[in-house]
Amino acid sequence: SSCLADSLRYSGHMDAKTAPYSASELTTPEVRHLAWVCQAPQLLQSPLTFEPGRFLPDDVTEEIKAWDHNLQTAPPLLREPPQKRLGFYFERLYRVLLEDLLGWEVLLQNQQIQSNGRTIGELDFVVHNRNEDRIEHHEIAIKYYLGVPEHSGRTLWYGPNARDRLDLKADRMLRLQSQRTTLPEARALLADMGIKEPVMPRIFMPGYLFYPTGTQVSAPQSVPANHLRGQWCYLSQVESSDLPGWVLLNKPHWIGPWRQYESPAPDAVNAALATIERAEIPLLFAKLKQDSVTGLWQETNRLFVVPDSWPG
């Protein structure tokens with residue numbers, strides 16, 4: 001069947017009722033990415049889930065819009081060219097969120113935990129939550145998972161790199177990564193910094209679930225109902241009638257909604273589809289629609305196209 005034959009209700013944009021501003025309205029990519037990180041629904045529902053929206057100050061909308069209007073007024077970290085590696089760039093956005101929007105102090109970042117000369121783990125962020133005056137340990141990840149129905153009837157959710165799987169990552173976040181400050185070596189490290197009290201673990205994992213076209217699958221129960229959705233299909237399912245309005249999304253623009261002034265270029269999409277076949281890698285596309293008032297092309301849906309051999 002055609003890749004986009006049964007279009008799902010797309011929820012790539014925040015609900016205006018829950019967000020004071022829409023990330024899609026912002027014109028500066030870095031600021032748009034940051035705004036998305038501030039309010040994106042997450043892929044893991046747990047008592048440890050950290051929701052920055054609960055702590056953002058009342059004037060956050062004005063601040064973000066001011067940075068969007070003039071990037072030179074934004075924090076230096078936000079003005080640096082984005083890294084190619086999505087995880088590194090996401091960490092940088094998160095640090096700006098913690099320090100410059102929440103006003104919290106980052107005590108440690110990417111701190112390795114050593115035991116007898118070897119690394120046994122790493123702490124993503126240790127921060128002072130000034131709103132509640134406590135020390136917290138935040139483990140963070142930004143994730144994109146594609147649902148693959150198994151013969152057994154269950155659905156496995158794979159990352160574009162199929163070695164990554166949602167059930168395994170969620171288990172690792174909850175049972176291992178978030179609990180690292182309980183290790184004696186980590187406690188000693190924190191004590192050397194004068195942190196004697198227990199540290200509150202937090203998990204922050206926004207992202208998208210991509211549903212297979214033409215097949216009904218359910219999200220795992222651990223995923224909040226308001227999660228962001230896209231679709232995925234095999235390269236052999238793509239028909240030329242699907243392609244108008246598509247653009248290839250390159251990292252770091254997997255973060256937040258895409259927008260552009262020029263109309264989508266069909267040649268670039270055909271070249272990307274050829275790359276999927278040749279290199280046997282999944283690629284992410286956005287479906288754009290032109291706003292009749294502004295002329296701007298804005299994302300209405302997003303879609304992974306994967307080689308027919310995937311996830312094998």
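Is Asn129 buried or exposed? Select Asn129 and see: with a relative accessible area of 0%, this residue is buried (buried means under 20% relative accessible area, exposed over 50%, and partly exposed in between, with a 1.4 Å probe and protein chains only).

Before moving on, a word on the model. It is a predicted one, in which local features need pLDDT of at least 70 and side-chain atom pairs count only at pLDDT 80 or more, while totals for chains, interfaces and linings use all residues. Residues are numbered from 1 along each chain as its sequence is written, and side-chain values use heavy atoms, with hydrogens and water left out.

**Stop 1: around Asn129**

Stay with Asn129, which has its place in strand β2 (helices, H or I with at least four residues, and strands, E with at least two, are DSSP runs numbered from the N terminus). Show the side chain of Asn129 and look for two partners. A polar atom of that side chain lies 2.9 Å from the backbone nitrogen of Glu132, and the side chain of Asn129 also makes a polar contact with the side chain of Glu136, at 2.9 Å. A polar contact here is a pair of N or O atoms within 3.5 Å; within protein, one must be able to donate a hydrogen and the other to accept it, and residues adjacent in sequence count only if both atoms are side-chain atoms.

Leaving aside residues within four places in sequence, Asn129 is in contact with Phe55, Trp104, Arg134 and Glu136 (contact means heavy atoms within 4.5 Å).

**Stop 2: Asp68**

Next, select Asp68 in helix α2, residues 60–69. Asp68 counts as buried, at 12% relative accessibility. What does the side chain of Asp68 reach at 2.7 Å? Zoom in and you will find the backbone nitrogen of Thr28. The backbone nitrogen of Thr27 is there too, 3.0 Å from a polar atom of the Asp68 side chain. Not counting residues up to four places away in sequence, Asp68 touches Leu26, Thr27, Thr28 and Val31.

**Stop 3: one face of α5**

Colour helix α5, residues 166–175, and pick out its buried residues: Leu166, Lys169, Ala170 and Met173. Why do they line one face of the helix? Turn the view to look down the axis of α5: the buried residues fall within an arc of 100 degrees, so they line one face (the arc is that of the directions from the helix axis to the C-beta atoms). Now show what covers them, which includes β3 (134–140), β4 (143–149), β5 (155–158), β6 (200–204) and β7 (207–212).

**Stop 4: the largest pocket**

The largest pocket holds about 1,100 Å³ of space. Of the 38 residues that line this pocket, the closest to its centre are Arg85, Ile142, Lys143, Asp164 and Lys251. The elements giving two or more residues to the lining are α4 (86–101), β2 (118–129), β3, β4 and α5; α4 gives the most, with five residues. Colour the lining by type and it divides into 17 nonpolar, seven polar and 14 charged residues.

Some terms for this stop. On a 1 Å grid over the protein atoms alone, a pocket is an open set of points where a 1.4 Å probe fits, with protein on both sides within 12 Å along at least five of seven lines, and lining residues have an atom within 4 Å of a point. Grid points are joined across faces, edges and corners, and the volume is the space filled by probe spheres set on the points. Ala, Val, Leu, Ile, Met, Phe, Trp, Tyr, Cys and Pro count as nonpolar, Asp, Glu, Lys and Arg as charged, and the others, Gly among them, as polar.

**Stop 5: backbone details**

From Lys251, step to Pro252: the peptide bond between them is cis, with omega near 5 degrees. Pro252 sits in the loop between β9 (246–248) and β10 (259–260). Another cis peptide bond joins Trp310 and Pro311, with omega about 0 degrees, and Pro311 lies in the segment after β12 (297–306).

Finish with two asparagines. Asn110, in strand β1 (residues 105–115), has a positive phi near 50 degrees and counts as partly exposed at 28% relative accessibility. Asn116, in the loop between β1 and β2, has a positive phi of about 50 degrees and counts as exposed at 83%.
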